[in-house]
Amino acid sequence: MKAIVKPKPVDGKDWPIGLQIVDKPEPIIERPNDVIIEVTAGAICGTDVGIYNSKDSLRVQMARTITDPVTVGHEFSGRIVDAGKQARAHLARLVFEKAKTNHGLKKLLRRKTARSLAAESTFLKFLEKQFFSTAEMHVTCGTCYQCLRGEFHVCRNTIIKGVHDDGAWAPYVKVPAENVRLFFQREIPYEIISFMDALGNATHTVMAAPIKGQSVAVLGCGVQGLMAVAVAKWAGARRIYVTDASHQEFSHEKLLARRFALAKLYGADHCFDMAITEERAAFSDTILQETDNTGVDVACEMSGSYRAYEDAARVIRMGGTFSLLGIPSGTMQVDFAKNIIFSGITVHGIIGRRVFQTWNQMEELLKAGLAKQLMKTGFVTHQLPLEQFDQGFAAIRSGDAYKVLLKP
Ligand SMILES: [Zn+2]
Ligand SMILES: [Zn+2]
């Protein structure tokens, strides 16, 4: 099969820029809990852009790959086509779990048990026909201190499929059954399932603290920022303030016409272009004015920009929450005394998704209307054949794309 891979450096040279398409054998069931999913669509995210560009932080990660060359891609949707014996039992239990809240599915399962379903010769065909799937691509050890406490998102031995091990930008991907998520029929469109990994990051960031009825600042209005706005709104945030900064390649007018316009559709009350002095001042002025000089309950940092940290520090209320998803390059100074200790701020570093708490929260919001909204507003801007991945990355570089899907 054709797979998109990150070629490793040769003869001690630097990691090459870009990705390659190569021929690879199709994955097969090797362990009893293996599941093979036929990929309907993969999606490109910021991490993939870093891999494409051989960004420093990812170069370190990629040096730890356990397959060579590694198939890239950790966001995808697809259909299950094969599963090991243990995996079948697990998937049957998942189907029954799902049926508890799904009447149509419950009807299909009449007079069956999870065990009898798993034993049916047509079980795999049933899965393939009735469900879309995706998977949590952080494969965790299950035995470290954090895993034993149920904190899988911070497993010390995490293998990320699509970074350290073969991912999903290929016709088939193999995942452990425990990581699989199932979606019955058209429960959620496959286009959305394709990037639930990324949406999960935004959800994890926004939901790190209670959000219902709260005021929120979202710093950074890229793909993650936009999703954070939508998630915050659907989760019941009271006021949402958004920042971004225009620059030479992405003008103020373009920022207003595109990202800020979409952020407002998703529920932002005010958007500020921090590259403009007056708007930067208006950001804190507006928040303080509207919150009786208190500040926002929650700030979500989605940009990784130093200035955004400073901006957040100016508007988080005493006792508020600061959730950090954006990845700054290098180190920066933090005034712990003033900005964290004396203000009683809680800081959350956000890595991956809580398994499966974040997935469940996200699924609920998607079904409540978030999925429909993302589809209707054209959040998926590109759907390209897998081979045209370069075009997809170019679209992201231009700043015009939101989610780009690659279809094998
Ligand atoms: Zn991602
Ligand atoms: Zn672990």
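## A loop residue to start from

The place of R111 is in the loop between α4 (103-108) and α5 (114-119), where helices (H or I, at least four residues) and strands (E, at least two) are DSSP runs numbered from the N terminus. Although R111 is not a glycine, its phi is positive, at about 70°.

This is a predicted model, in which local features need pLDDT of at least 70 and side-chain atom pairs count only at pLDDT 80 or more, while totals for chains, interfaces and linings use all residues. Residues are numbered from 1 along each chain as its sequence is written, and chains are lettered from A and ligands numbered from 1 in the order in which they are written.

## Two domains

The protein chain is divided into domain 1 (2-194 + 377-407) and domain 2 (201-349), with bounds that come from an automatic or database domain assignment. The centres of the two domains, taken over C-alpha atoms, are separated by 30 Å.

Between them, 4 residues of domain 1 are in contact with 6 residues of domain 2; two residues are in contact if their C-beta atoms, placed from the backbone, lie within 7 Å. The side of domain 1 that touches domain 2 divides into 1 nonpolar, 2 polar and 1 charged residue, where Ala, Val, Leu, Ile, Met, Phe, Trp, Tyr, Cys and Pro count as nonpolar, Asp, Glu, Lys and Arg as charged, and the others, Gly among them, as polar.

## The sheets

An open sheet of 3 strands has the order β2-β1-β4 and antiparallel pairing, two strands being paired if DSSP finds at least two bridges between them. Because β2 (20-23) and β4 (70-71) stand at the edges with a single partner strand each, one side of each is left without a neighbour in the sheet. Strand β1 (residues 2-6) pairs with β4 in the antiparallel sense over 2 bridges, and V5 stands opposite T71 in β4.

Another open sheet, of 6 strands, runs in the order β13-β12-β11-β14-β15-β16 with parallel pairing. Its edges are β13 (270-273) and β16 (346-349), each with a single partner strand, so one side of each has no neighbour in the sheet. Strand β11 (residues 215-219) and strand β14 (residues 296-301) run parallel and are joined by 4 bridges, and L219 stands opposite E301 in β14. Helix α11 (residues 252-265) packs on this sheet, touching β12 (239-244) and β13, and its direction makes about 155° with that of β13; axes are lines fitted to C-alpha atoms, for helices over the stretch in contact, and angles run from 0 to 180 degrees between N-to-C directions.

## Helix α9 and its partners

Helix α9 (residues 196-206) packs against helix α10 (residues 223-234) at an angle of about 55°, with their axes 9 Å apart. These two helices are therefore oblique to each other, given that angles under 35 degrees count as roughly parallel, over 145 as roughly antiparallel, 65 to 115 as roughly perpendicular and the rest as oblique. Residues that meet in this contact include A198 and L199 in α9 and V223 and Q224 in α10, and the contact divides into 9 nonpolar, 4 polar and no charged residues.

With helix α15 (residues 357-376), α9 packs at an angle of about 100°, the axes again lying 9 Å apart, and α9 and α15 are therefore roughly perpendicular to each other. Here M196, L199, G200, T203 and H204 in α9 meet T358, W359, Q361 and M362 in α15, and by class this contact has 4 nonpolar, 5 polar and no charged residues.

## A cis peptide bond

V355 and F356 are joined by a cis peptide bond, with omega about -5°. F356 is found in the loop between β16 and α15.
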